[in-house]
Amino acid sequence: MMSEVKQNNPPIAGAAGRPGEEEAARERQHFDINIYRDWCKSCGICAALCPKQALTLNEEGEPVVVDPDICGGCGWCELHCPDFAISVRPRRSTQKASPEAED
Ligand code: SF4
Ligand code: SF4
């Protein structure tokens, strides 16, 4: 007998509530990743936890987005950032990837 696996990922807008559909919707969705430089202390947690390697650290140890289109939208970087310095939001299908916030 198969048991249902609970997902701890945050829900995404427009995803249906049935098992598997949320993850499938996330696979089709693209996300924009914004890093707020004034708040980021370059701890590296976001890049270390990213399961898709969508984030990396530059030579100064600052997080940079490698490619927003490989982001799976899991939200781990945002959830674990101790300084609330990174956000991940679903991109509307007609929008191009937005550049990182360089505040
Ligand atoms: S987890 Fe937050 S503070 Fe740490 S490097 Fe990433 S964005 Fe910066
Ligand atoms: S939401 Fe997930 S896949 Fe996307 S950058 Fe953050 S940790 Fe990586």
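**Exercise 1. Decide whether Asp67 is buried or exposed.**

Step 1. Take the cut-offs. A residue is buried if 20 or more other C-beta atoms lie within 10 Å of its own, exposed if 12 or fewer, and partly exposed in between, with C-beta atoms placed from the backbone.

Step 2. Apply them. Asp67 has 12 other C-beta atoms within 10 Å, so Asp67 is exposed.

Step 3. Asp67 sits in the loop between strand S3 (63-65) and H3. Helices (H or I, at least four residues) and strands (E, at least two) are DSSP runs, numbered from the N terminus.

Step 4. Gln53 is 14 residues from Asp67 along the chain, and their C-alpha atoms are 8.7 Å apart.

A note on the source: this is a predicted model, in which local features need pLDDT of at least 70, side-chain atom pairs count only at pLDDT 80 or more, and totals for chains, interfaces and linings use all residues. Residues are numbered from 1 along each chain as its sequence is written, while chains are lettered from A and ligands numbered from 1 in the order in which they are written.

**Exercise 2. Describe the chain as a whole: which elements does it have, and in which pattern?**

Step 1. List the elements. The chain has three helices and four strands.

Step 2. Read along the sequence. The pattern is α-β-α-β-β-α-β.

Step 3. Look at burial. Of the 103 residues in the chain, 21% are buried.

Step 4. Look at contacts (C-beta atoms, placed from the backbone, within 7 Å). Take the contacts between residues at least 6 apart in sequence: 53% of them join residues at least 24 apart.

**Exercise 3. Work out how S1 is placed and which strand it pairs with.**

Step 1. Check its cover. S1 is mostly covered, with four of its five residues buried.

Step 2. Find the pairing. Two strands pair if DSSP finds at least two bridges between them. S1 pairs with S4 in the antiparallel sense, over five bridges.

Step 3. Pick one bridge. Asn34 has Ser87 in S4 as its bridge partner.

Step 4. Recall a rule for strands. In a regular strand, side chains alternate between the two faces of the sheet.

**Exercise 4. Explain why Leu55 counts as buried, then trace its surroundings.**

Step 1. Count neighbours. Leu55 is buried because 25 C-beta neighbours lie inside 10 Å.

Step 2. Locate it. Leu55 belongs to strand S2 (residues 55-57).

Step 3. List its contacts. Setting aside residues up to four places away in sequence, Leu55 touches Cys46, Ala47, Cys50, Pro63, Val65, Val66 and Cys77.

Step 4. Cys71 is 16 residues from Leu55 along the chain, and their C-alpha atoms are separated by 8.6 Å.

Step 5. Widen the view. The largest nonpolar core has 17 residues. Such a core is a set of buried Ala, Val, Leu, Ile, Met, Phe, Trp, Tyr and Cys residues joined through C-beta atoms within 7 Å. Ile33, Cys46, Cys50, Ala54, Leu55, Cys77 and Ile86 touch the most other members. S1, helix H2 (45-49), H3 and strand S4 (86-90) each give this core at least two residues. S1 gives the most, with three.

**Exercise 5. Examine two loop residues, Ser42 and Phe84.**

Step 1. Take Ser42. It lies in the loop between S1 and H2. Ser42 has 16 C-beta neighbours inside 10 Å, so it counts as partly exposed.

Step 2. Take Phe84. It lies in the loop between H3 and S4. Phe84 is not a glycine, yet has a positive phi of about 50 degrees. Phe84 is exposed, because 10 other C-beta atoms lie within 10 Å.

Conventions
Two residues are in contact if their C-beta atoms, placed from the backbone, lie within 7 Å.
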